[in-house]
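Opening the notebook on a new chain.

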Amino acid sequence: MSVTFRQVERDEEVEALAHMAHHIWNEYWPALIGQAQTDYMVEKFQSLNAFRADIADNGYEYFFIMDRENATPRELDQAVHGADIHDEGRPAPAGAPDAVESDRDGELAHDAEDFAHEAAKPRIIGYTGGHAEADTNRFFISKIYLLKEHRGRELAGSVVHFYERIARERGLDALYLTVNKQNKMAIRAYEKHGFKTIDAVETDIGEGFIMDDYVMEKKLK
């Protein structure tokens with residue numbers, strides 16, 4: 001699966017970003033940190049107001065992670081060879097009038113056109129964001145989140161390479177991020193793509209909640 005990245009710029013896109021963040025966080029994080037801390041962190045770091053402040057005041061850049069999946073072989077065959085993808089290829093009744101057959105041909109052509117159009121649309125499957133730090137000359141990757149059905153598909157490498165390109169173009173020395181110590185899947189993915197653990201930190205984020213993270217870094221020079 002290939003992915004592309006589209007920067008979040010318009011306010012309606014920021015609203016869509018916040019909606020996706022709420023969905024992903026409530027699906028994934030309660031099992032690791034509990035519902036109360038999930039709710040608190042979504043409001044503090046992943047809400048519409050938080051995203052707006054990040055972009056306007058803190059130099060953050062956010063991107064939708066997009067994919068354009070290929071159609072299945074069956075769907076492509078149906079679109080190309082004229083089987084109606086809405087009736088699973090059932091033939092018209094024997095002896096159907098020519099006018100009916102003609103209408104059916106037109107419907108098949110329309111179905112194929114619609115299918116090709118839908119198959120070509122990039123879909124939002126996650127989001128990511130971060131910002132350059134002038135004092136450390138590194139790029140901080142704040143967030144990489146994917147919808148459940150797209151995890152475990154080796155997409156972390158594409159995101160890392162995307163940020164590597166940004167960082168190199170800006171003359172930065174490294175990428176770094178923080179990751180929850182219990183998020184084993186993410187830790188393995190980052191290690192696979194060249195990140196090394198350089199620190200362990202506990203951060204008091206208020207209301208009695210603690211972020212218990214590793215700091216991981218990938219040097220570019």
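Helices (H or I, at least four residues) and strands (E, at least two) are DSSP runs, numbered from the N terminus.

**Ground rules.** This is a predicted model, where local features need pLDDT of at least 70, side-chain atom pairs count only at pLDDT 80 or more, and totals for chains, interfaces and linings use all residues. Residues are numbered from 1 along each chain as its sequence is written, and side-chain values use heavy atoms, with hydrogens and water left out.

**Helix H1.** Next I looked up which H1 residues are buried (under 20% relative accessible area; exposed is over 50%, partly exposed in between; 1.4 Å probe, protein chains only). They are Glu13, Val14, Leu17, Ala18, Met20, Ala21, Ile24 and Trp25.

**Whole chain.** I count eight helices and seven strands. Of the 221 residues, 41% are buried. The accessible surface comes to about 12600 Å², and 50% of that belongs to carbon and sulfur atoms; areas are by the Shrake-Rupley method with a 1.4 Å probe, and for residues only the protein chains shown count as cover. For contacts (heavy atoms within 4.5 Å), I took those with a separation of 6 or more: 70% are between residues 24 or more positions apart.

**Glu13.** Why does Glu13 count as buried? Its relative accessibility is 6%. Leaving out residues up to four places away in sequence, Glu13 touches Arg6, Gln7, Val8 and Phe64. Phe64 is 51 residues away along the chain, with 9.1 Å between the C-alpha atoms of the pair.

**Glu61.** This residue sits in strand S2 (residues 61-67). Glu61 is buried because its relative accessible area is 14%. Which side chain does the Glu61 side chain join in a polar contact of 2.9 Å? It is that of Arg170. For polar contacts I use N or O pairs within 3.5 Å; within protein, one atom must be able to donate a hydrogen and the other to accept it, and residues adjacent in sequence count only if both atoms are side-chain atoms. Beyond four places in sequence, Glu61 also touches residues including Gln7, Thr128 and Phe139.

**Arg151.** I found Arg151 in the loop between S4 and helix H7 (156-169). Arg151 counts as buried, at 18% relative accessibility. Its side chain makes a 2.5 Å polar contact with the side chain of Glu27, and one of its polar side-chain atoms lies 2.9 Å from the backbone oxygen of Leu146. Among the other residues Arg151 touches are Ile24, Tyr28 and Met185.

**Ala189.** Helix H8 (residues 184-192) holds Ala189, which is partly exposed at 23%.

**Largest pocket.** The lining has 48 residues, with Trp29, Ile144, Tyr145, Asn183 and Tyr190 nearest the centre. Strand S4 (residues 138-146) gives the largest share of that lining, seven residues. The pocket is an open set of points on a 1 Å grid over the protein atoms alone, where a 1.4 Å probe fits, with protein on both sides within 12 Å along at least five of seven lines; lining residues have an atom within 4 Å of a point.
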